[in-house]
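Open the structure in your viewer and keep the selection panel at hand. The stops below go from the contact between chains to details within each chain.

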Amino acid sequence: MQKILLPKILLIDDEEDIIRVLSMSLRSDGYDIVSALSGKEGLDVFKKESPDIIITDIKMPGMDGIEVLKKVKEINPETEVIIITGHGDIDTAIEALHYGASDFINKPVRDEALSIALHRAKDKIDIRLKLKEYTDDLENMVKIATEEVKRKSNFQTKLIKSSNDGIVATDDDWKIVVYNPGAERIFGYSRLEVVRKMRIVDLYPPKIVGAFKSEAENKRNDEGLPWREITVLSKDGENIPARFSGTVLYEDGMAMGSVAFFQDLREIKRLEKELINSERLAAVGQTVAGLAHYIKNILIGLKGGRYIVDVALDKNDTDKLKNGWQAIKRNIGRISDLVLDLLTYSKEREPEYENCLPNEIVNDVCELVEATAREHRIEIIKDFDLSIHEVLMDPRSIHRSLLNLVSNAIDACTSDEYTDKRWQVRVKTALEKGNIIRFEVKDNGSGMSDEVRANLFESFFSTKQGKGTGLGLLVTRKLIEEHKGEINVTSQQGKGTTFTIWLPYEELSNTDKIAERI
Amino acid sequence: MGKKVLCVDDDPDIRLFVVTVLEENGYTPLTASNGEEGIKIIREEKPDLVILDVLMPRQSGIKMYRELKTDDSLKNISVIMLSGIARRTFLRSQEALTEFGNENVPEPEAYLEKPVEPEELAEMIKKVIG
């Protein structure tokens, strides 16, 4: 700044008097003055002193003012050069302008003209310096900003890369542009196979693609797609359980892309499965005593049957033979039921979905128990929702679960101590929203105490005093859970019990839907 | 016409078995599938012996046994308990009930644990009522 306030001026003139007068005048104005008596000397001084302004006479022996101007501009184009010309020497003035002179002063040099020219030169220098300062600042700022952006982008890239979750982002055309190692682990495709080569339709389950597209169409911007459990199909064709959440990204109201997050649930699912398995094993251990009792009863039945058959054969008594044989058959049935229950309970099983008519299955169950019910004066009431059509479900799971519940309901009536009741077992089906069928088995039998209800699904537990395996409800619950359904019970001692099952179904003939089910 | 023996058991297989044993040994069998029905038949038929299961739905053998043994007109009828539960467990429950109800109920004439062999049952019946 000091330089601008007090520019250094180089005076070049071959007339010593002029130099002396101008020097005195300019010094008294506060300028720093150096001088030379020829063009050549002027250039030497210029190189040594680096003045900001040069005032040079144009006509000098040897190197003239134009020549000095040319050389000075070559060395430092920013130097202001003021030319002193003879009056009316337009040609020279034009030539000087051509080489970059800043200003002209006519001879004889008057203080006023000099002062104006110097002011102009000073302003120019001033502006140029400021401009340079701005430019330097700007470049600096751009450099800092670029570095910051780079640093941030680096940070974000690293963040995305090191995330355990799969992160996938697309451009506004659903083309994948970000695909991190977490996503590689879930989907099985490498980054090179995906980035700028795949669209979401090639990678995501169809329902997620649909959700994104409708989100973008409706320009919803509030919460995005909330977390949900889904199954993604990996490169190897494996169904990978994952949690998903995503959102469409907007810029000025226009969709500019999307981002999706996937959490790998394989390990969690594996641990869950392990836990369930170990719980199941513990439960199996607990029950051996109870089971032994049940098996003993079967054995008693079989032995009795054998004795009756022996007696009948001895006497050729056909009626007795039939009775004995019935007893044996009945107990063989109990054994096979028990083995089936044990197998169902101890094994993992995937539901086998088939086209079926739920009402018809429930009707079969009712017919199976009809004879027993009649024997004990229990009325079976069927209350079926006739709007239930043919659907895709696992008919075996329905049959088994309902048979267990209806048999329990009948047992609850036969063990009821209030013998003046008119016992009823109501079996109801109903269609519910969201592709769900509700099955309800309601009896007005003995009901349960809170303690019994608390134990219902806990472990092998039977109130049937050695006549039940304690497996029925466990098997039922397992079947229901494997079918992604729910089971609930309400009961009042002495009043009765209601079991309710909710099972999801798929519409017909689209078996692919099962695989895609979210 | 042999002596009348009533079998009370909710399990049809056991009833059939006991009936066969009774017939084979010259007795006249009667059956009931629960305690309530059993008491009714006892009052009507006055059997010589009751073969009684302990655990039955609706009215248990324990309750029926106490009803039988505290009824002056019935308490001389002999009883053989035939049960899946151990003799010791049954007797302990009787003691507890006696203390609780402050009534003296005698032990049954015999107690057999299931499973029972036909010969064993026949011998026991013979021993109790001849």
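Begin at the boundary between chain A and chain B, where 4 salt bridges are found in this predicted model. To see one of them, select Lys303(A) and Glu117(B): their closest N and O atoms are 3.2 Å apart.

Now colour the side of chain A that touches chain B. Helix 11 (266–315), helix 12 (318–346) and helix 14 of chain A each give at least two residues to this side. Helix 11 of chain A has the largest share, with 10 residues. By class, the side of chain A that touches chain B has 7 nonpolar, 10 polar and 9 charged residues.

For the whole interface, select both partners: 26 residues of chain A contact 22 residues of chain B. About 2100 Å² is buried between the two chains, and carbon and sulfur atoms give 55% of that area.

Next, stay in chain A and select residues 395–414, which are helix 14, together with residues 472–482, which are helix 16. These two helices pack at an angle of about 145 degrees, with axes 9 Å apart, and their crossing is left-handed. On helix 14 of chain A, show Ser397(A), Arg400(A), Ser401(A), Asn404(A), Leu405(A) and Asn408(A). They meet residues of helix 16 of chain A that include Leu473(A), Val475(A), Thr476(A) and Leu479(A). The contact between helix 14 and helix 16 of chain A counts 5 nonpolar, 6 polar and 1 charged residues.

Over all chains the structure holds 39 salt bridges. For one within chain A, select Glu15(A) and Lys107(A), whose closest N and O atoms are 4.0 Å apart. Glu15(A) is in the loop between strand 1 (8–12) and helix 2 (16–28) of chain A, and Lys107(A) in the loop between strand 5 (103–106) and helix 6 (111–162), so the pair ties together parts 92 residues apart in sequence.

Pro108(A) lies in the loop between strand 5 and helix 6 of chain A.

Move to chain B for another cis peptide bond, which joins Lys114(B) and Pro115(B) with omega about -5 degrees. Pro115(B) sits in the loop between strand 5 (110–113) and helix 5 (118–129) of chain B.

Finish at Trp174(A), in the loop between strand 6 (166–170) and strand 7 (176–179) of chain A. Its phi is near 65 degrees, a positive value in a residue other than glycine.

Definitions and conventions. Residues numbered from 1 in each chain as written. Chains lettered and ligands numbered in written order. Predicted model: local features only at pLDDT ≥ 70, side-chain atom pairs only at ≥ 80, totals over all residues. Heavy atoms only, no water. Axes fitted to C-alpha atoms, helices over the stretch in contact; angles between N-to-C directions. Helix = DSSP H or I, 4+ residues; strand = E, 2+ residues; numbered from the N terminus. Left-handed = near helix turned anticlockwise from the far one by under 90°. Contact = heavy atoms within 4.5 Å. Nonpolar A, V, L, I, M, F, W, Y, C, P; charged D, E, K, R; others polar. Buried area = accessible area lost by both parts, 1.4 Å probe. Salt bridge = Lys/Arg side-chain N within 4 Å of Asp/Glu carboxyl O.
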